[in-house]
Amino acid sequence: MDDALPVPAPDRSARPTVARRLLPPLVTLAGVAAAFTYVGLVDPNETGHYPVCPLYGLTGVLCFGCGGLRSAHAVAHGDWIAALGDNALATVGYPVFAVLWVVWAVRARKALPVAINLRPVWWWALGGVILAFSVVRNVPFGSSLAP
């Protein structure tokens, strides 16, 4: 009755195209660029533009992120010295993010898996650095780390 041949199912095992593989890193880059553009245009040094850090607002204690918006604003304007003064940890994190993003994009382009396989000791060390930064910037001898 019907002489039509059956249509084979699409091969789902085929690798995605380069554009499809690069989509996640490019969307991430666009989001980061949009955030830096916004923070670069809307000055966090002027009151009323951004909410106060809840920890700082309730306790007066600086968290590891306090000063991060001011730091991003300074970086958006090319003032790395001011950025270090606002939040040194965030300022060091910007180039680290950039390197990790480039690795992600290159590996995505080559269809290689992307994973950060660090031993637990490195994650604990990172947590220790963040904790130490948070504590030191709240004591008198570490006041140079406060924004």
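**A close look at helix 3**

Tutor: Helix 1 and helix 3 pack with their axes 8 Å apart, at an angle of about 90°. The model is a predicted one. Angles of 65 to 115 degrees count as roughly perpendicular, and helix 1 and helix 3 are therefore roughly perpendicular to each other. On the side of helix 1, the residues that meet helix 3 are Phe36, Val39 and Gly40. Their partners in helix 3 are Leu69, Ala72, His73, Val75 and Ala76. Sorted by class, this contact of helix 1 with helix 3 contains 6 nonpolar residues, 2 polar residues and no charged residues.

Helix 5 is a further neighbour to consider. The axes of helix 3 and helix 5 come within 9 Å and cross at roughly 50°. Because of that angle, helix 3 is oblique to helix 5. The crossing of helix 3 past helix 5 is right-handed. Helix 3 contributes Gly68, Ser71, Ala72 and Val75 to the contact, while helix 5 contributes Ala90, Thr91 and Tyr94. These residues of the contact between helix 3 and helix 5 comprise 4 nonpolar, 3 polar and no charged ones.

We may now turn to burial. Helix 3 spans residues 68-76, and its buried residues are Gly68, Ser71, Ala72, His73, Ala74 and Val75. Among the elements that cover these buried residues are helix 1 (18-41), helix 4 (80-86) and helix 5 (88-109).

In soluble globular proteins, nonpolar side chains tend to be buried together. In this model, the largest nonpolar core has 7 residues, namely Val39, Ala72, Ala74, Val75, Ala83, Ala90 and Tyr94. Two elements, helix 3 and helix 5, each give two or more residues to this core. Helix 3 supplies the largest share of the core, 3 residues.

Finally, consider what comes after the helix. Helix 3 is followed by Gly78, which has a positive phi, near 80°.

To draw the picture together: helix 3 is roughly perpendicular to helix 1 and oblique to helix 5.

How values were computed: Residues numbered from 1 in each chain as written. Predicted model: local features only at pLDDT ≥ 70, side-chain atom pairs only at ≥ 80, totals over all residues. Heavy atoms only, no water. Buried < 20%, exposed > 50% of the residue type's maximum accessible area, 1.4 Å probe, protein only. Helix = DSSP H or I, 4+ residues; strand = E, 2+ residues; numbered from the N terminus. Contact = heavy atoms within 4.5 Å. Core = buried A, V, L, I, M, F, W, Y, C linked by side-chain atoms within 4.5 Å. Axes fitted to C-alpha atoms, helices over the stretch in contact; angles between N-to-C directions. Parallel < 35°, antiparallel > 145°, perpendicular 65-115°, else oblique. Left-handed = near helix turned anticlockwise from the far one by under 90°. Nonpolar A, V, L, I, M, F, W, Y, C, P; charged D, E, K, R; others polar.
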